[in-house]
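I opened my notebook to get to know a new protein model. Come along and look things up with me.

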Amino acid sequence: PRAARWVGGPRAALCVSGMATSMREFAFAPDEFDVESTTDDDGVGRQRGAHWAQDGRQTSRGLLARVAVVSLVALAAMAAVSGFRRRHAGGLERDHTHAKEINSVLGLAADSDKNGEGHDHEHDAAHKHQDKHNHHKQQADDDEAHERHHHTPVHERHHHKVPTTTLTTTTVTTTPPPTVGNDNCNVTHKCAASGHQCYEQNSLYAQCRESCTPGPDPTHWDGQWWSCKELGERTPGPQCADADQDCRQSRCCKDPGHTCFEKNVGWAACKATCAPGPHFEDVDGYPWSCNRLGPTKESTAGWVWGQCMAGRGQNCYHSGCCKNAGEQCYLKGGDYAECMTECTEGDWACTTIGSRTPAPANFNDIHAFPDWGWDQCSGPGVSCKESRCCIGMDVQCYEKDSGWAQCLNSCTPGVHADDHNSTWWCNALGPRTYGVSKKGFPSLYCFSVMRFAGYEVGLMQAQYDRGVGIFSCDDHSLLTADGNVTIGTTQSIRFKGAPVGISVDNTAGNTELFVHAWKAVIKAGIWTNHTFTLKVDPDAVFLPDRARTHLRPHVGAKMFVINCPLGDMVFGALEVFSFHAIREWATREHECPAPKNWGEDKYMTHCMDLLGVSRVHDIPILADNLCLGADCTNEVAAAFHPFKNVSGYFKCWDLANKRPPAVTIQIRK
């Protein structure tokens with residue numbers, strides 16, 4: 001009986017809404033049968049007595065058996081509820097069939113939902129069997145068995161109406177709740193998410209989304225075409241958020257691969273990843289909780305690579321989709337279409353077919369070091385447990401235990417021999433730092449090796465006075481062999497000199513000298529805080545902001561730049577090395593041969609190759625008269641070489657920065 005009542009309860013209402021049919025509530029217990037007065041055909045009022053009791057018990061046994069069946073069916077219905085959320089074939093037609101099967105098992109009339117009254121056919125048959133003018137052999141056998149038990153004449157029983165029991169039947173009418181997430185909304189026609197509309201893909205499936213373009217959708221789990229027929233009304237409220245919008249209300253994101261993450265009670269934003277703690281891209285250092293407020297926006301599905309077309313020259317009319325990220329299938333006319341990022345062809349219809357293939361989410365969460373970081377973040381050797389951020393290059397706050405965390409390049413869980421064999425958890429806290437940016441990102445540490453006497457002193461002083469060249473990098477150093485010089489507030493770093501001869505390629509054989517200079521750079525340690533280290537000749541017109549543009553894609557990589565095709569090597573006017581490349585040289589430079597008859601640039605090229613540092617060919621970064629020429633109007637080059645006097649240096653600098661030449665005006669008195 002308990003299971004029978006449950007069938008009609010609130011959970012059955014969910015089943016009813018999902019299967020588009022009604023279930024019955026069977027309220028039954030033996031003590032609910034009433035003994036009441038009846039009147040037979042002869043008008044003699046009689047009391048339902050012992051005869052009724054025996055028949056009642058027989059009837060009760062039958063009903064109990066029926067309720068047992070109902071209970072089993074109820075359990076089957078419960079299992080059906082658990083599988084209700086179907087994404088493909090499952091729709092309304094199958095549910096009607098399933099409902100008919102359940103009604104058949106329960107013995108319910110097909111029209112019970114129409115009139116609101118359940119008709120139990122077995123009880124109708126029982127009433128007919130009580131008609132004293134229509135007895136059959138089975139009724140006589142029952143009468144004989146009854147007589148044996150109660151010593152009551154059979155003919156006397158015929159003057160009593162057989163007691164009947166009424167089962168209460170109720171039609172459950174429910175309103176299905178709005179569809180959540182990617183569940184099928186082809187029955188409800190309503191969406192739980194604000195700003196969403198139920199759109200039909202086909203007769204079996206529909207989905208709640210913000211918009212819909214007829215054709216395949218590369219972010220959906222299958223490549224079937226969408227009809228985009230609107231079912232029901234759009235749910236009021238804000239739509240999914242862009243990357244720079246608050247997503248607390250919509251709890252969803254427009255960009256594929258992004259999730260709405262909570263910062264605090266006052267802000268949430270869409271991100272590809274989120275680590276609890278402060279985020280360097282924020283204007284403040286308040287930490288993020290990173291609680292997920294909604295689902296991750298779907299990105300490109302796997303079927304796209306096998307079904308869709310790629311680029312120009314392939315007809316996407318029938319597939320309706322494109323393989324390449326950012327491309328859209330555009331109709332030319334008739335039954336021909338191609339995949340393009342945008343349609344600008346004058347004689348094309350440019351009608352879109354299907355949806356644009358999204359670009360993959362950027363999980364490389366690299367940002368410039370913020371101004372507030374200098375006050376909030378932790379340096380080496382101190383605990384970062386509270387700050388959850390670090391000052392330096394390629395450092396992360398790692399948790400040792402509940403009481404200590406420290407900024408390290410890497411951390412392996414377990415026993416640390418360098419910490420008195422203590423056990424470290426090595427949980428990462430907050431963001432990883434990729435250099436301390438003071439003037440731009442990525443951060444640049446620039447140095448020049450100069451003579452402490454001669455024209456280079458005046459040239460470097462002029463650059464310092466105008467704040468250009470290496471003096472506009474995030475950090476800078478001057479290095480001098482066997483002496484010192486002071487330019488402005490910068491005193492040079494002195495290192496051991498070495499004789500300079502003629503190299504095998506008729507340039508300066510200065511490998512030994514520059515190996516000494518590089519060792520002085522390593523010892524000074526300034527490079528450890530910056531993303532890239534650059535050696536710039538004093539007579540090179542250098543533009544750090546352009547260098548940052550060239551180097552931004554290589555943040556975090558172990559690389560160096562090949563800047564001249566002649567000899568496929570580094571030209572020494574501008575040498576660029578990443579943090580990881582310099583760290584490799586600092587620990588393994590002794591493995592590199594250093595012939596005295598090599599130029600320093602040739603030495604560094606071969607050494608980096610030997611140490612396994614990756615080459616990045618970026619010829620446009622340097623305009624050098626010793627390589628391909630130095631056109632100072634070049635808008636891409638980050639350095640121009642050589643310009644050995646102040647006037648020539650700044651004439652080139654003005655041309656590179658598109659500044660008009662200085663004009664001298666004489667005023668007559």
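Below are my entries, one topic at a time.

**Entry 1: ground rules.** I am working with a predicted model, where local features need pLDDT of at least 70, side-chain atom pairs count only at pLDDT 80 or more, and totals for chains, interfaces and linings use all residues. Residues are numbered from 1 along each chain as its sequence is written, and side-chain values use heavy atoms, with hydrogens and water left out.

**Entry 2: the overall picture.** I looked up the inventory and found 16 helices and 30 strands. Helices (H or I, at least four residues) and strands (E, at least two) are DSSP runs, numbered from the N terminus. Of the 669 residues, 46% count as buried; buried means under 20% relative accessible area, exposed over 50%, and partly exposed in between, with a 1.4 Å probe and protein chains only. I also checked contacts, meaning heavy atoms within 4.5 Å. Among contacts with a separation of 6 or more, 58% are accounted for by residues 24 or more positions apart.

**Entry 3: a three-strand sheet.** I turned to an open sheet with the strand order E10-E9-E11 and antiparallel pairing. Two strands pair if DSSP finds at least two bridges between them. Strand E10 (336-340) and strand E11 (351-353) each have a single partner strand and stand at the edges, so one side of each lacks a neighbour in the sheet. The twist averages 45° from one strand to the next. Strand E9 (residues 328-333) pairs with E11 over 3 antiparallel bridges, and I noted Tyr330 with its bridge partner Thr352 in E11.

**Entry 4: another open sheet.** Here 3 strands follow the order E25-E30-E29, and the pairing is mixed. E25 joins strand E30 (residues 639-641) through 2 bridges in the antiparallel sense, and Phe542 stands opposite Ala639 in E30.

**Entry 5: Asp539.** I followed the loop between E24 and E25, where Asp539 lies. Is Asp539 buried or exposed? Asp539 has a relative accessible area of 5%, so it is buried. Leaving aside neighbours within four places in sequence, I found Asp539 in contact with Tyr455, Leu459, Phe640, His641, Pro642, Phe643 and Lys644. I also looked up Gly648: it is 109 residues from Asp539 in sequence and 9.9 Å away in space, C-alpha to C-alpha.

**Entry 6: H11 against H16.** The axes of helix H11 (residues 455-466) and helix H16 (residues 646-656) come within 10 Å and cross at roughly 40°. H11 is therefore oblique to H16. My note on terms: axes are lines fitted to C-alpha atoms, for helices over the stretch in contact, and angles run from 0 to 180 degrees between N-to-C directions. Angles under 35 degrees count as roughly parallel, over 145 as roughly antiparallel, 65 to 115 as roughly perpendicular and the rest as oblique. Which residues meet? From H11 come Gly458, Leu459, Ala462, Gln463 and Arg466, and from H16 come Val646, Tyr649, Phe650, Trp653 and Asp654.

**Entry 7: H12 against H14.** I compared another pair: the axes of H12 and H14 come within 11 Å and cross at roughly 110°. H12 is therefore roughly perpendicular to H14. Val515, Trp518, Lys519 and Ile522 of H12 make the contact with Ile582, Trp585 and Ala586 of H14.

**Entry 8: what surrounds H14 and H15.** In helix H14 (residues 579-588), I listed Phe579, His580, Ala581, Ile582, Glu584 and Trp585 as buried. These pack against strand E12 (393-401), helix H12 (511-524), strand E24 (532-536), E26, strand E27 (574-578) and helix H15 (600-610). H15 has buried residues too, including Tyr603, Met604 and Cys607, and their cover includes H12, E24, E26, E27, H14 and E28. Just after H15, Gly612 takes a positive phi of about 80°.

**Entry 9: strand E26.** Which way do the side chains go? On strand E26 (residues 559-562), Met559 and Val561 point one way and Phe560 and Ile562 the other, and all are buried. E26 runs parallel to strand E28 (residues 614-617), joined by 4 bridges, and Met559 stands opposite Ser614 in E28.
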